[in-house]
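Please find below a colleague's note on the structure under review.

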Amino acid sequence: MSKEGLENSILISVNKAFDSLTTMDEDYLKKNLYYKEFKFQEDNFAEIVDMLAKIQYTITFNEKEYSQLLDKKLLDAQESLIKACNDIYSERIKLNPKLQQLVQSTIIPYYHGRFEIGFSREISFLPLELRLYIYTSLLSIEASTIRQMHLIDRIALTLHKAGESFLGDISIFISSWLKSKLSEQISRQKLSFSSSLQREIKSINKTSKLRQRILTDAQMTPEIAGQEFWYGFKGLSNLSNIHNIEVAKICLDIFTLYFEGSFSLVKEIQPLLIEYYKTRNSSKIDKLIKKEGLDEVTIVRRYTNEVYNSNTVEEMGMDYSQQLDEYQKLYVQKVHKNYKEYSYLYINPSMPKVSSNTLKIPQSISQVEAVMYIENLEHILRFKRIPLSTFNEYILNLSTSIMNSKDWDLGTLNIVIGSLANIYGMVWFRNSQDTYPLLSILVNILRTKNKDEIPAIGTGWPVSIILEDSANTTKKFVVFKSKNQYINSFVGLTYVTKDPLSLSEGIIEEILMTEQNQQIYWERIEKNPYLTKSKKQKRHKIWAKMRKARNEEISKNYINNQTQTKKITSENNKLQQNINNHNSIDQKVEVKDFSSLPYFDGFIFEGYIDKKNKQFIWRYFINHKIDFNPMSHNNLNNLIKYARECLYTGNPFMVKGDKPNELWAASHPMQIESAYGELSQIIEQIK
């Protein structure tokens with residue numbers, strides 16, 4: 001990793017520790033790192049470096065194998081960062097409950113679920129610690145990985161601007177982690193953690209310097225530049241700087257409450273700005289600005305541009321910056337909308353108010369009864385005005401009551417509860433209409449008495465609903481089931497461009513392996529204070545029960561596959577002899593007859609060579625077949641040579657099938673994805 005721009009030793013130390021790692025102990029990851037807490041204080045420097053280096057190693061070399069552990073540590077790291085930031089706020093925030101309440105009841109619900117880096121203009125006119133307080137407050141309740149990525153980016157930048165380089169560099173690490181994780185969703189190509197980290201460092205350094213340029217261009221003296229009061233006032237007093245008037249009003253109230261104990265002028269400023277926002281007449285504001293000597297100060301927005309393929313960060317030209325600024329304003333007006341005052345607190349603000357009877361939910365809801373409540377949820381989201389805070393309570397009550405019932409097939413329960421998290425994310429993104437297809441599918445599934453009649457692909461645990469996203473009037477869906485342990489227990493609703501029944505299991509699994517990075521964490525939704533401790537405990541038990549059921553489903557498939565292997569005893573005996581002959585690399589014995597290796601038509605199998613006990617150990621089968629053009633005789637010999645060499649070492653290897661245009665791949669049990677990668681590379685090399 002380049003050390004350019006690294007001013008704080010924490011990232012340098014993490015990089016050195018990462019470079020020195022040659023392997024990772026599995027017991028440490030599962031028994032120590034999994035439960036170990038982050039403590040982001042400078043006196044805990046050595047332990048932080050050790051943990052972050054090992055996390056970087058795991059992300060780099062074993063991301064898929066330890067995806068669940070990494071997801072947990074990602075949330076843990078965010079929680080610890082929020083806690084550390086809480087310790088650096090001044091008394092203006094810490095000892096100001098009125099300000100805290102105002103922030104939590106206004107700007108937090110406005111941005112919750114839809115925060116984006118480029119569309120938070122009004123926050124940028126607030127003092128740095130207020131920005132940080134808003135960003136961390138949003139992060140603490142944000143369930144979406146995409147929104148978390150946007151917030152961590154702002155937190156890292158704000159901490160560095162405020163001179164908090166230690167926590168700022170830790171934020172850079174977490175931001176790089178998220179951007180690497182989500183890179184395929186964002187740019188359709190995978191960005192390694194190290195590349196992401198280099199880009200983050202360059203971006204933070206460039207943007208921090210750019211801030212000083214902005215203040216210089218505004219012709220502010222160093223003394224005035226240090227007074228965030230004047231910078232914020234000047235920014236909020238020009239409508240051309242503002243993207244959304246309603247958010248500007250919120251930020252003005254927060255700005256006023258923050259500074260009222262230090263600047264008496266703020267009480268004069270607030271009513272003048274409110275009048276200006278309503279009338280668009282700036283005469284009174286202009287008079288005040290001239291009186292305070294700020295009439296010559298001009299704040300110009302500038303932006304940086306990240307060049308993806310070269311990992312470079314460049315300052316945008318003035319013309320392009322102005323165009324981008326105008327685009328952002330239009331985007332905010334279109335997507336966030338300038339609703340009437342406080343309408344951002346509601347779903348369907350212009351619809352009739354939802355009644356209390358409509359929101360009533362019993363303590364327990366069976367699988368049969370659930371149809372009525374799912375339909376009721378759709379009715380609310382289509383036709384009723386409901387506060388977003390009340391929607392939160394409703395979705396928690398609904399999911400808890402469903403989980404309380406013992407009358408559920410656990411696979412179906414997994415689909416419904418997982419889908420409710422999807423619905424939560426859609427609603428908070430202010431796209432309630434996107435929930436309608438998913439709600440209809442849930443009703444369809446719940447009304448189907450024979451679960452074998454539900455359209456499905458694959459075997460194992462239900463991990464996703466695949467929906468056709470096309471111009472067809474009738475959009476087809478399937479429930480996708482998988483025994484792949486590297487896929488999340490529920491990935492969510494996934495759109496494809498064609499009839500999902502026309503897709504192979506292998507293609508769908510590849511899609512889900514990418515899509516699952518963009519997820520909604522129930523762990524964050526459940527942080528809502530409305531959810532009591534006893535309810536959390538009950539839910540925790542059900543989550544554990546569902547995880548156990550999934551593991552049993554995967555194990556059942558594994559046992560079935562083990563049973564199948566008993567039918568090929570003679571082939572295994574031949575394989576045993578081959579392994580004995582090739583146990584030593586010094587024994588240059590050739591494998592001439594690959595037909596002795598066990599395989600099943602149309603499958604890639606996975607297993608490994610146990611050299612100590614001299615046997616081939618089966619793991620499980622993948623319902624996937626790779627076809628390619630018939631190879632030449634020389635290329636086939638090259639492939640056999642490669643497979644033989646891999647057989648010596650026990651690394652992933654390929655074997656010839658019973659047809660001239662098919663291969664089967666075997667690999668170590670924890671490297672199933674590498675079998676796909678190895679196979680693709682070999683095919684390219686020998687075509």
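The points that follow concern a sheet, the helices beside it and the nonpolar cores.

1. The model is a predicted one, and the remarks below should be read accordingly. In it, four strands form an open sheet in the order β5-β7-β6-β8, and their pairing is mixed. The edge positions are taken by β5 (456–457) and β8 (492–496); each has a single partner strand, so one side of each is left without a neighbour in the sheet.

2. Both senses of pairing involve β7. With β6 (residues 461–468), strand β7 (residues 477–482) pairs in the antiparallel sense over 6 bridges. Within this pair, P462 stands opposite K481, and I466 stands opposite V478. With β5, by contrast, β7 pairs in the parallel sense, over 2 bridges; here V479 of β7 is the bridge partner of A456.

3. Helix α21 (residues 410–428) touches β6, β7 and β8, and its direction makes about 50 degrees with that of β6. Helix α22 (residues 435–447) also packs on the sheet and touches β6, β7 and β8, but its direction makes about 125 degrees with that of β6.

4. Helix α21 has a further partner in α20 (residues 388–404): the two pack at an angle of about 175 degrees, with their axes 11 Å apart. Because angles over 145 degrees count as roughly antiparallel, α20 is described as roughly antiparallel to α21. On the α20 side the contact includes L388, F391, N392 and I395, and on the α21 side it includes L413, V416, I417 and L420. The residues of this contact divide into 14 nonpolar, 2 polar and no charged.

5. The largest nonpolar core has 98 residues, and those with the most contacts inside it are F40, I107, L167, W177, L273 and Y277. Helix α15 (residues 245–259) supplies the largest share of this core, 11 residues. Apart from this core lies another, of 54 residues, among them L377, L398, W408 and L446. In soluble globular proteins, nonpolar side chains tend to be buried together.

6. Which residues does L167 touch, not counting residues up to four places away in sequence? They are F40, L81, A84, C85, I88 and L159. Of these, F40 is also listed with L167 among the residues that have the most contacts inside the largest nonpolar core.

Definitions and conventions
Residues numbered from 1 in each chain as written. Predicted model: local features only at pLDDT ≥ 70, side-chain atom pairs only at ≥ 80, totals over all residues. Heavy atoms only, no water. Pairing = 2+ DSSP bridges. Contact = heavy atoms within 4.5 Å. Axes fitted to C-alpha atoms, helices over the stretch in contact; angles between N-to-C directions. Parallel < 35°, antiparallel > 145°, perpendicular 65-115°, else oblique. Nonpolar A, V, L, I, M, F, W, Y, C, P; charged D, E, K, R; others polar. Core = buried A, V, L, I, M, F, W, Y, C linked by side-chain atoms within 4.5 Å. Buried < 20%, exposed > 50% of the residue type's maximum accessible area, 1.4 Å probe, protein only.
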